[in-house]
Amino acid sequence: MGELTTAKRILMIALLVVLWGISWPIYKVALEYTPPLLFAGLRTLLGGLLLGAILAPRWNRIRWKENWRVYAISGIFNVVLFYGLQTVGLMYVPSGLFSVLVYLQPVLVGIFAWMWLGESMSKLKVIGLIIGFLGVAAVSVGGFSGHVAIAGVIIAIITAVSWALGTVYVKKVNQRVDSLWLVAFQCTLGGIVLTGAGSVTESWSDIVWNVPYVSGLVFGTVLGISLSWLLYFTLVNSGDVSKVASYTFLVPVISVFVSSMLLHESITAFLLIGLVLIGFSIYLVNRRVRVVRQA
């Protein structure tokens, strides 16, 4: 894919964080009518198959023998571990704490991109990533009450690590594979694994095929999975991966705002504090340091 203009890049980032932000309350409603693993598996599997059907005319870009390992590894990190561990981890810790730990991801992406992709790691970027994480913590502070199990904390951290590794891995191999087919195969292969795991541990008869569930499934299939991952990997492959990751700090903020409107959850002072911190974080991570040349 060609270079993105600044306007297109901003539009894609805005659309991505909005899609991921509104997905949390939408999925929260849908999960009242379905087992979690089956829901995660179905929306990723259907999303991958839908994208594959759209991409069918360019099937010659798949190059399966050369790239099947890339598709499989991306599917394991970005779908199986990310969505699977997320589903299991929420059973052990409050959602607020879990989201904070998962959003260690942009910080980890910055570290991994510095280690393996040779991206710069300035003091401003480090400070910005830390401030962004503190902003997510402030946004999620309302969900800190409740029982906390060590297992849940470990699962949340592994979830963040898997997402970060998957992001950096995709950036590293982006010249070897077609980005569109990568998303299609990671979702399809990961969806098969998650749906299989759900079929073994959960019951299909527990799914209530009503409007909230079907709406959540359709949203997840078309927008929450297919389109959002396409946007994310297009942005990652076109620029500084740690800068792109920093914008995901906004996702919990949008999620809380939308939840307050749709689910009547309260907006607190911590949310506003978190929003300020996250905004400052994104500014620091994306700030260009001018080099002053002496005459």
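Helix 1 and helix 11 cross in a right-handed manner; a crossing is right-handed if the near helix is turned clockwise from the far one by less than a right angle, and left-handed if anticlockwise. The model is a predicted one, in which local features need pLDDT of at least 70 and side-chain atom pairs count only at pLDDT 80 or more, while totals for chains, interfaces and linings use all residues. Residues are numbered from 1 along each chain as its sequence is written, and side-chain values use heavy atoms, with hydrogens and water left out.

Helices here are DSSP runs of H or I with at least four residues, numbered from the N terminus. Axes are lines fitted to C-alpha atoms over the stretch in contact, and angles run from 0 to 180 degrees between N-to-C directions.

| Helices | Axes come within | Crossing angle |
|---|---|---|
| Helix 1 (residues 6-30) and helix 11 (residues 250-262) | 7 Å | roughly 50° |
| Helix 8 and helix 9 | 10 Å | roughly 135° |

The angle makes helix 1 oblique to helix 11. Angles under 35 degrees count as roughly parallel, over 145 as roughly antiparallel, 65 to 115 as roughly perpendicular and the rest as oblique. On the helix 1 side, the residues in contact (heavy atoms within 4.5 Å) are Val17, Val18, Trp20, Gly21, Ile22, Trp24 and Pro25, and they meet Val251, Ile254, Ser255, Val258 and Ser259 of helix 11. Sorted by class, that contact has 9 nonpolar, 3 polar and no charged residues. Here Ala, Val, Leu, Ile, Met, Phe, Trp, Tyr, Cys and Pro count as nonpolar, Asp, Glu, Lys and Arg as charged, and the others, Gly among them, as polar.

Helix 8 is oblique to helix 9, and their crossing is right-handed. From helix 8, Ser179, Leu180, Val183, Gln186 and Cys187 touch Ile225, Ser226, Trp229, Leu230, Phe233 and Asn237 of helix 9. This contact has 7 nonpolar, 4 polar and no charged residues.

Helix 8 also holds threonine 188. With a relative accessible area of 14%, threonine 188 is buried; buried means under 20%, exposed over 50% and partly exposed in between, using a 1.4 Å probe and protein chains only. Leaving aside residues up to four places away in sequence, threonine 188 touches Thr44, Leu45, Gly48 and Leu49.

**Aromatic pairs**

There are 21 aromatic pairs in the structure. Rings of Phe, Tyr and Trp (its six-membered ring) pair if their centres lie within 6.5 Å; planes under 30 degrees apart count as stacked, over 60 as edge-to-face and the rest as tilted. One of these pairs joins tryptophan 64 and phenylalanine 185, whose ring centres are 5.2 Å apart and whose planes stand at 50°, so the pair is tilted. Tryptophan 64 lies in helix 3 (residues 64-89) and phenylalanine 185 in helix 8 (residues 179-201), so the pair ties together parts 121 residues apart in sequence. Tryptophan 64 is partly exposed at 40% relative accessible area, whereas phenylalanine 185 is buried at 17%.

Tryptophan 229 and tyrosine 232 make an edge-to-face pair, 5.8 Å centre to centre with 75° between the planes. Both tryptophan 229 and tyrosine 232 are buried. A cluster linked by ring pairs takes in Trp20, Phe82, Tyr83, Tyr103, Trp163, Trp229, Tyr232 and Phe233.

**A loop residue**

Arginine 63 sits in the loop between helix 2 (36-55) and helix 3. Although not a glycine, arginine 63 has a positive phi of about 50°.

Notes: Helices (H or I, at least four residues) and strands (E, at least two) are DSSP runs, numbered from the N terminus.
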